[in-house]
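Subject: Structure for your files, with notes

Hello,

Here is the structure I said I would pass on. My notes come after it.

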Amino acid sequence: MREILGKAKTVRELLKGVKYSIDYYQREYKWGEKQAAELVNDLVTKFLEDYDDSHERKKVADYPHYFLGSIIISKKESANYIVDGQQRLTSLSLFLILLHNLQRGREDKVQIDELIFSERFGEKSFNLDVAERSPCMEALFEGEAFDTTDALESVQNLYDRYQDIDAAFPEELRDKALPYFIDWMLENVHLVEITAYSDDDAYTIFETMNDRGLSLSPTDMLKGYLLANIDEDARVDVNSRWKARIRNLVDWDKEGDADFFKAWLRSQYATKIRERKKGAKQEDFDRIGTEYHRWLRDSRRQVGLEKPSDFLRFVNTDFDFYSKQYLRLLNASAKTTPGLEHVCYNARNGFTQQYQILLAPLRPTDTTAEIDRKIRITAKFLDILLTWRLWNFRSIAYSTMQYAMFLVMRDIRGLDSAALAKLLYEKLQAEEENFDANSEYHRQGIGLYLHQQNRKVLHRILARMIDYIEVESGMASRFEEYVGGGGVTYEVEHIWADHFERHTDEFEHPADFAEHRNRIGGLLLLPKSFNASYGDKPYVDKLGHYFSQNLLAKSLNPNCYKHNPGFVRFVGERELPFEPITEFKKASIDARGELYRQIAKCVWNPASLLEEVSQ
């Protein structure tokens, strides 16, 4: 009989000096920002239950333990192949790399390098050994930039999730508490490693745990509780409707049902959120996120569930309404939908918190027009707020935004569209940073510029600005094409080629030239093929070719202002400082930067919220 072993291991025991491989057919790393942020938040929350800065480090041994789940390993020729758990292990490795980087130069450094890589004959190899990921992992470990422009999807996700983990890890744990947290994570966080000695056995275990297991999901337990409190003669019909809608949610995403219940119940009922300090208890918002089925049972009176008719209404009216709207929002997030475009814009920014906020003002008694109006107002508010933050180099990561977004969600709950627009407009007016009141970079006269981590952000911003001026000039929208929805690949491109020697009349040092070249006024969104053909040429040789491109690039050419009545009318009405530029100098980048800022103020205008209810 072939042996199957199961053993609980700490993070240290699992990763120290052990190599894990992944078969070629399952090498995709697919975790998103939401999963990465949840991993960090779950671990941080558990650690903070007992952490006190007056404790000695040895006290960490008495802190609570945390179970991170199981992994399934197939042992082949002394190699460990991950059958299930690579998403968790990959993310854990990224977290350890971040903790390694946060410890640079510290005297109280915890030795964790051996959990990340091993070295033999002077060559480093990562303990999670996937060849195509190694260059990116190496760059992250060394704290260096890594260009993901042409990288595989898994490598792009790897790089992006590291940034998300970095953003989610709180500042309060980066100073004195850091070695305490690392000690706790290595010794008090456990996984169960199940090892089989054949692929057949490993996959049988995987299928048994995932398909034929007897444990009920939170959604199953929630349904059981609700049906048990509904009159027997109505249960069959309610069960049938429930199952059909849950199937729709799961068809969208395997965790779609859980994501929906968290978004719905938080949007309508969460009144408090846990403070991030020692001993703080979980509140409504937090409990819904971890055990929504238990929360509902414990909070039934708060929800208004007293008699069988209340439970029937909760499923047939409330569940039906909010799940239907949630599915509409998911569809609108995947592709621009007329009237709900801003839902897609927010989704493209990776803002996963928007659904609970968009559901908050909705009521089952709202008309279809009122529902759409509320969604537009709220989605526009989020779009403006997120873009202001990105323009000012601020994070929009889950942990950074969670508390502020909870307050917004709570404040707009159930408002009619007029009150909603007024409140959200006032919130935007109270923001300290926008396109006018800017960050330190703007006060230095630098403004928004391209760096290694914001290329995708700038791509989306430029796409929105181009789409705006083209639509306002009477052209058809090509936004989906610009952001990757067509056969042409667009990229953020520099107007100046990377040739310092061509600009020595204005710059003494290459660094000054490079800094100015990366400013937003020196950037365009162009087809990748355009840059391959013309990107290295001097500006004067590219100017004629710009005329065949999108309207923002075309506006550099004097011919754009001839026989183009829609564009000329638009420029006049908005009083935007467009002008042709025959010689592109240092001052031209500054002038174009101001033009882009003025366009951005039109695209992301808080007054558009009020206009939704004044039409």
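This is a predicted model: local features need pLDDT of at least 70, side-chain atom pairs count only at pLDDT 80 or more; totals for chains, interfaces and linings use all residues.

Residues are numbered from 1 along each chain as its sequence is written, and side-chain values use heavy atoms, with hydrogens and water left out.

Cavities

A cavity here is a set of points, on a 1 Å grid over the protein atoms alone, where a 1.4 Å probe fits but cannot get out; lining residues have an atom within 4 Å of a point. Grid points are joined across faces, edges and corners, and the volume is the space filled by probe spheres set on the points.

The largest cavity has a volume of about 80 Å³. Its lining consists of Y345, R348, N349, D383, T387, L390, V457, R460, I461, R464, F479 and W604. Helix 15 (341-348), helix 17 (368-391) and helix 21 (455-472) are the elements that each give two or more residues to this lining. Helix 21 supplies the largest share, four residues. Helices (H or I, at least four residues) and strands (E, at least two) are DSSP runs, numbered from the N terminus. By class, the lining has six nonpolar, two polar and four charged residues. In that count Ala, Val, Leu, Ile, Met, Phe, Trp, Tyr, Cys and Pro are nonpolar, Asp, Glu, Lys and Arg are charged, and the others, Gly among them, are polar.

The second largest cavity has a volume of about 30 Å³. It is lined by E493, H494, L526, F530, N531, G535, K542 and Y546. Strand 8 (490-494), helix 24 (528-534) and helix 25 (539-546) each give two or more residues to the lining of this second cavity. That lining divides into three nonpolar, three polar and two charged residues.

Salt bridges

The count comes to 41 salt bridges, each a side-chain nitrogen of Lys or Arg within 4 Å of a carboxyl oxygen of Asp or Glu. Three pairs are described here, with burial given by relative accessible area (buried under 20%, exposed over 50%, partly exposed in between; 1.4 Å probe, protein chains only).

- E433 pairs with R394, the closest N and O atoms being 3.0 Å apart. E433 lies in the loop between helix 19 (417-429) and helix 20 (440-443) and R394 in the loop between helix 17 and helix 18 (398-412), so the bridge ties together parts 39 residues apart in sequence. E433 is buried at 19%, whereas R394 is partly exposed at 42%.
- R597 and E594 meet at 2.9 Å, N to O. Both are in helix 28 (residues 586-603), three residues apart, which separates them by about one helical turn. R597 is buried at 18%, and E594 is partly exposed at 31%.
- D62 and K59 meet at 3.9 Å, N to O. D62 is exposed at 55%, and K59 is partly exposed at 37%.

Helix 2

Helix 2 (residues 33-48) has 16 residues and reaches 22 Å from its first C-alpha to its last, close to the 22 Å expected at 1.5 Å a residue. That expected span is 1.5 Å times one less than the number of residues. Its buried residues are E33, K34, A36, A37, L39, V40, N41, L43, V44, F47 and L48.

Regards

Note on methods. On a 1 Å grid over the protein atoms alone, a cavity is a set of points where a 1.4 Å probe fits but cannot get out, and a pocket is an open set with protein on both sides within 12 Å along at least five of seven lines; lining residues have an atom within 4 Å of a point.
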